[in-house]
Amino acid sequence: MPEPLCARTLKDESVPPKVRELIGELERAGFVNRGGKGGHRNFVHPKVARPVTISGNPGDDAKHYQVRAVQLAIEESRK
């Protein structure tokens, strides 16, 4: 089983994850893509108050704020 994104990100800050990896983490945590405009995707979860918006093409490097938003949303979904 692959190592969770959160653990990899904390170990190695020099290599940012890809947008596709963030999307995979959200989907594994039970988030659903409700669509979006252009290169934006909005993921929702019944236990999370606000949607998580991920922008960029799947092969792009994720921005640090996107990684943080995904980490916080996944933590909130587990409560």
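1. **The β1-β2 pair.** V32 stands opposite V44 in β2. N33 likewise stands opposite F43 in β2. Here β1 and β2 pair in the antiparallel sense over two bridges. Strands count as paired if DSSP finds at least two bridges between them. The two strands form a hairpin, with six residues between them. In that turn, G35 has a positive phi of about 90 degrees.

2. **What you are looking at.** This is a predicted model, in which local features need pLDDT of at least 70, side-chain atom pairs count only at pLDDT 80 or more, and totals for chains, interfaces and linings use all residues. Residues are numbered from 1 along each chain as its sequence is written, and side-chain values use heavy atoms, with hydrogens and water left out.

3. **The sheet.** Three strands form an open sheet in the order β1-β2-β3, with antiparallel pairing. β1 (32-33) and β3 stand at the edges, each with a single partner strand, so one side of each lacks a neighbour in the sheet. β2 and β3 pair over four bridges, in the antiparallel sense. One of the paired residues is H40, whose bridge partner in β3 is S55. In a regular strand, side chains alternate between the two faces of the sheet.

4. **The overall layout.** The protein has three helices and three strands. From the N terminus on, the elements run α-α-β-β-β-α. Both kinds of element are DSSP runs, numbered from the N terminus: helices are H or I with at least four residues, strands are E with at least two.

5. **Buried share and surface.** Buried residues make up 32% of the 79 residues in the protein. Buried means under 20% relative accessible area, exposed means over 50%, and partly exposed lies in between (1.4 Å probe, protein chains only). The accessible surface comes to about 5,300 Å². Carbon and sulfur atoms hold 54% of that surface. Accessible areas come from the Shrake-Rupley method with a 1.4 Å probe; for residues, only the protein chains shown count as cover.

6. **The core.** The largest nonpolar core has 14 residues. Those touching the most other members are L22, L26, F31, F43, V52, I54 and V70. α2, β3 and α3 each supply at least two residues of this core. Such a core is a set of buried Ala, Val, Leu, Ile, Met, Phe, Trp, Tyr and Cys residues, joined through side-chain atoms within 4.5 Å. Not counting residues up to four places away in sequence, V70 touches L22, L26, V52 and I54.

7. **A73 in helix α3.** A73 sits in α3 (residues 64-77). A73 counts as buried because its relative accessibility is 5%. Leaving aside neighbours within four places in sequence, A73 is in contact (heavy atoms within 4.5 Å) with F31, V48 and V52. A73 and L26 are 47 residues apart along the chain, and their C-alpha atoms are separated by 8.5 Å.

8. **H45 in a loop.** H45 lies between β2 (40-44) and β3 (52-55). Is H45 buried or exposed? H45 is buried, with a relative accessible area of 14%. The side chain of H45 reaches the backbone oxygen of A29 at 3.4 Å. Leaving aside neighbours within four places in sequence, H45 is in contact with A29, G30, F31 and S77.

9. **Helix α2 and what follows.** The buried residues of α2 (residues 19-28) are V19, L22, I23, G24, E25 and L26. Just after α2, G30 takes a positive phi of about 100 degrees.

Notes:
Polar contact = N/O pair within 3.5 Å; in protein donor to acceptor, adjacent residues only side chain to side chain.
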